Every structure is written in structure tokens, then in C-alpha cells.
Amino acid sequence: RGEGGQGVPHMLLVRQTFADRLTQAPAKLRLRRLGGERARDALSAESLDQALGKCGLFVGGASAMFGVWARGFQQHVNTLPLFDQQKSDKAGGDPNIRYYHSYWSIPPSQALVITVCPPPCDYWNFQLNNHWMESLEYRQRQSVHVNSTHAKVHGEGGKMVTIVVCGEKPRGGVGERANWIDTSGHKFG
């Protein structure tokens, strides 16, 4: 039950994380109402108008929130500080996930090289977002993220991960052992 008041469900959010989108199938879900009031009356012009007004407020509010966040992330470009957990939770983030957010900016002929030792956990993911915190294209490009399932690892015990963020697949040097994240034509985000 959500917080819609009077025990009325407010929102249902289903989030599925894929370790490998090429081999895993999306969940098949079926929702069924148990008990409660009878079905609502037919949609009226007045109720549609009210609902569309609420949609507009949601879209405006979400874009304003992400705009404020993006301006805050611009205070630490090309670094990865831990994001405020309370902000994340309040915005609908999973309280069991820790997010590191920042702004990135890379000139076309350069790369951002990130070397990390991911913490021991069931799953980790690195993805590049645009200014509005939208992930870049997953359907046609598999090189816009890297995760614990398919990351190339190196170093003692195979615990280090190097990620190279740039517009063209790196060749030689660090590029041989790195996980490439394609900027998909973006210069910042």
C-alpha cells in the first residue's frame, strides 16, 4: 500500500535489474485486485482533465528535481561522490542501493579513465547518463554500461575494474583491459 491516504494504493513501481540483457528475459507480471470497492465508473471529461493536469505537474516536478540535481552534480565534474541516501530514498530510490552520482564532461578527442575496486556485493553497475539522468541508449548499444556480470577485471585477485568513457572504442594501452562506455555522441551529462 502506498501513501495515497485512507489506505488507498498510491503508486506501484516494479524495477527489474538485468545482469545481462542479451540472455535474461524480462519478468512476466500479472496484477489482480483482491477485494475492495467495485470498478470505477466510465471516464468522464472532467476526471480526464484533472488526471492530465496531475500528469503535467508530475512531469514538471520531475524535470525540475533532476535539473536541480544536475546543477549540484556540476559542482564535482568527473568525480564520483556518494549520493545523499535520504534524497535518493525520498525520490523513490531503492534503500538497499547506494548511488554515486556526478556530472561528466569530456572533449571529443579525450577520455575519462575510471579505475575502481568494486565493493563485495551481489551486483554493481556503472552507467552513463545524460544531463536529465536518463541512461543512454541500451537497445542498440551494449557499450553504455558495465556491470559485475560482464566487466573485464584485472589486478591482484582480479578485483580491479577500469572503465574508459569516450566517443570511440579505445585501442592499445589501457584500452586493452578496459571496459568501454560509449558517450553516444554526448559531450557531457
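In what order do the three strands of the open sheet lie? In this predicted model, the order is 1-4-5, and the pairing is mixed. The largest nonpolar core holds 15 residues, and strand 1 (112-116) and strand 4 (161-166) each give two or more residues to this core.

**The sheet**
- Strand 1 and strand 5 (179-182) form the edges of the sheet; each has a single partner strand, so one side of each is left without a neighbour in the sheet.
- From one strand to the next, the twist averages 20 degrees.
- Strand 1 and strand 4 run antiparallel and are joined by five bridges.
- Threonine 115 has threonine 162, in strand 4, standing opposite.

**The largest nonpolar core**
- The members that touch the most other members of this core are Ile114, Phe126, Leu128, Val146, Ile163, Val165 and Ile181.
- Strand 1 and strand 4 are the elements that supply two or more of the core residues.
- Strand 4 provides the largest share, namely three residues.

**Surroundings of phenylalanine 126**
- Once neighbours within four places in sequence are left aside, phenylalanine 126 is in contact with Leu80, Ile114, Val144, His145, Val146, Ile163, Val165 and Ile181.
- Among these contacts, Ile114, Val146, Ile163, Val165 and Ile181 also belong to the group of core residues that touch the most other members.

**A separate core**
- Another core, of six residues, lies apart from the largest one.
- Its members include Trp69, Ala70, Phe83 and Tyr103.

Methods:
Residues numbered from 1 in each chain as written. Predicted model: local features only at pLDDT ≥ 70, side-chain atom pairs only at ≥ 80, totals over all residues. Heavy atoms only, no water. Core = buried A, V, L, I, M, F, W, Y, C linked by side-chain atoms within 4.5 Å. Buried < 20%, exposed > 50% of the residue type's maximum accessible area, 1.4 Å probe, protein only. Helix = DSSP H or I, 4+ residues; strand = E, 2+ residues; numbered from the N terminus. Contact = heavy atoms within 4.5 Å. Pairing = 2+ DSSP bridges. Axes fitted to C-alpha atoms, helices over the stretch in contact; angles between N-to-C directions.
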